[in-house]
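Work through the exercises below with the sequence and the model open side by side. Each task is followed by a solution in steps.

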Amino acid sequence: MRLIKMTGGLGNQMFIYAFYLKMKQRFANTRIDLSDMMHYHVHHGYEMNRVFALPQVEFCMNRTWKKVLEFLFFKTILERKQKSLDAFWKPYAWPFIYFKGFYQSERFFSDIEQEVRKAFAFDMSKASERSVQMAARMDGDVNSVSLHVRRGDYLEPKHWENTGSVCQLPYYRNAIAEIKSRLKNPVFYVFSDDLEWVKENLPLDNAVYIDWNKGNDSWQDMMLMSHCRHHIICNSTFSWWGAWLDAHKDKTVIVPERWFRHVETPYIYPEGWIKVSIN
């Protein structure tokens with residue numbers, strides 16, 4: 001049996017689930033472990049089954065007993081310690097393997113792209129009427145640009161130095177200038193947990209502010225991002241997926257040159273995404 005630990009917010013859950021789909025293709029006895037997610041109350045908890053109608057439980061047990069089981073019987077593979085992909089795909093003589101990581105790279109699932117897109121198809125019947133109407137508007141706007149500004153938890157001291165300090169005003173000004181050099185009349189569809197800050201600080205000539213998807217409806221922001229034709233993302237897996245799920249081959253995706261201030265992430269961006277300076 002291969003178990004894959006599920007953790008994090010929606011964007012990270014999607015990376016882990018995409019990795020699971022690839023692992024399941026190679027090893028039929030692969031399961032997602034939701035034991036820790038049952039106690040995870042950051043963001044909006046486990047969302048994959050609610051947003052995408054994917055299985056709610058594959059493997060789940062009392063968290064304490066699960067840790068005992070993991071310690072006694074499982075060989076643990078930590079993503080951060082692997083120098084290549086071999087550790088994930090190779091067979092092991094030991095029958096119980098436990099995988100821990102975030103797998104934030106297309107390289108874990110690029111060869112099953114269509115399967116991943118099918119799994120992450122949004123159910124529009126669950127979206128609000130306002131979001132459905134906005135998605136249709138975006139579909140008809142060839143100059144639509146999703147712009148994601150994440151502040152909130154990124155401003156907290158524990159996140160600021162390595163994560164929150166990356167996508168600040170210099171990055172957004174550079175990204176907006178880059179988009180304007182490529183599109184004649186961009187229309188910015190703005191997604192943020194601090195829209196007032198965006199309105200006060202970013203020079204947007206033509207902007208639509210998406211301000212109604214709150215709480216458990218937050219996933220609809222990602223859905224709407226995927227309906228835009230071009231994207232300015234921040235160092236957030238939420239807008240990474242919003243841009244990736246846009247299936248247009250001619251899309252422009254602007255990204256910060258660094259994902260973290262002090263950690264290298266050489267594989268996080270798909271080929272063709274355009275890096276701009278954060279300074």
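How many of the residues of helix 10 are buried? Helix 10 is mostly covered, as nine of its nine residues are buried.

The model is a predicted one: local features need pLDDT of at least 70, side-chain atom pairs count only at pLDDT 80 or more, and totals for chains, interfaces and linings use all residues. Residues are numbered from 1 along each chain as its sequence is written, and side-chain values use heavy atoms, with hydrogens and water left out.

**Exercise 1. List the buried residues of helix 10.**

Step 1. Helices are DSSP runs (H or I, at least four residues), numbered from the N terminus. Buried means under 20% relative accessible area, exposed over 50%, and partly exposed in between, with a 1.4 Å probe and protein chains only.

Step 2. Read off the residues. W219, Q220, D221, M222, M223, L224, M225, S226 and H227 are buried in helix 10.

Step 3. T64 belongs to helix 3 (residues 63–73), and T64 counts as exposed because its relative accessibility is 56%.

Step 4. T64 and Y154 are 90 residues apart along the chain, and 31 Å separates their C-alpha atoms.

**Exercise 2. Describe how helix 6 packs on helix 10.**

Step 1. Two packed helices are described by the angle between their axes and the distance between the axes. Axes are lines fitted to C-alpha atoms, for helices over the stretch in contact, and angles run from 0 to 180 degrees between N-to-C directions.

Step 2. Take the values. Between helix 6 (residues 129–139) and helix 10 (residues 219–227) the angle is about 20°, and the axes are 8 Å apart.

Step 3. Classify the angle. Under 35 degrees counts as roughly parallel, over 145 as roughly antiparallel, 65 to 115 as roughly perpendicular and the rest as oblique. Helix 6 and helix 10 are therefore roughly parallel to each other.

Step 4. Assign the hand. A crossing is left-handed if the near helix is turned anticlockwise from the far one by less than a right angle, and right-handed if clockwise. The crossing of helix 6 and helix 10 is right-handed.

Step 5. Name the residues in contact (heavy atoms within 4.5 Å). From helix 6, S131, M134, A135, M138 and D139 meet Q220, M223, L224 and H227 of helix 10.

Step 6. Sort them by class. Ala, Val, Leu, Ile, Met, Phe, Trp, Tyr, Cys and Pro count as nonpolar, Asp, Glu, Lys and Arg as charged, and the others, Gly among them, as polar. The contact of helix 6 with helix 10 has five nonpolar, three polar and one charged residue.

**Exercise 3. Describe the contacts that helix 11 makes with helix 10 and with helix 1.**

Step 1. Start with helix 10. Its axis comes within 7 Å of the axis of helix 11 (residues 237–244), and the two cross at roughly 35°. This crossing of helix 10 and helix 11 is right-handed.

Step 2. Name the residues. Helix 10 contributes W219, D221, M222, M225 and S226, and helix 11 contributes F238, S239, W241 and G242. By class, the contact of helix 10 with helix 11 holds five nonpolar, three polar and one charged residue.

Step 3. Turn to helix 1 (residues 10–26). The axes of helix 1 and helix 11 come within 7 Å and cross at roughly 60°, so the two helices are oblique to each other. Helix 1 passes helix 11 in a left-handed crossing.

Step 4. Name the residues again. L10, G11, N12, M14, F15 and A18 of helix 1 make the contact with T237, F238, W240 and W241 of helix 11. Seven of the residues in the contact of helix 1 with helix 11 are nonpolar, three are polar and none is charged.
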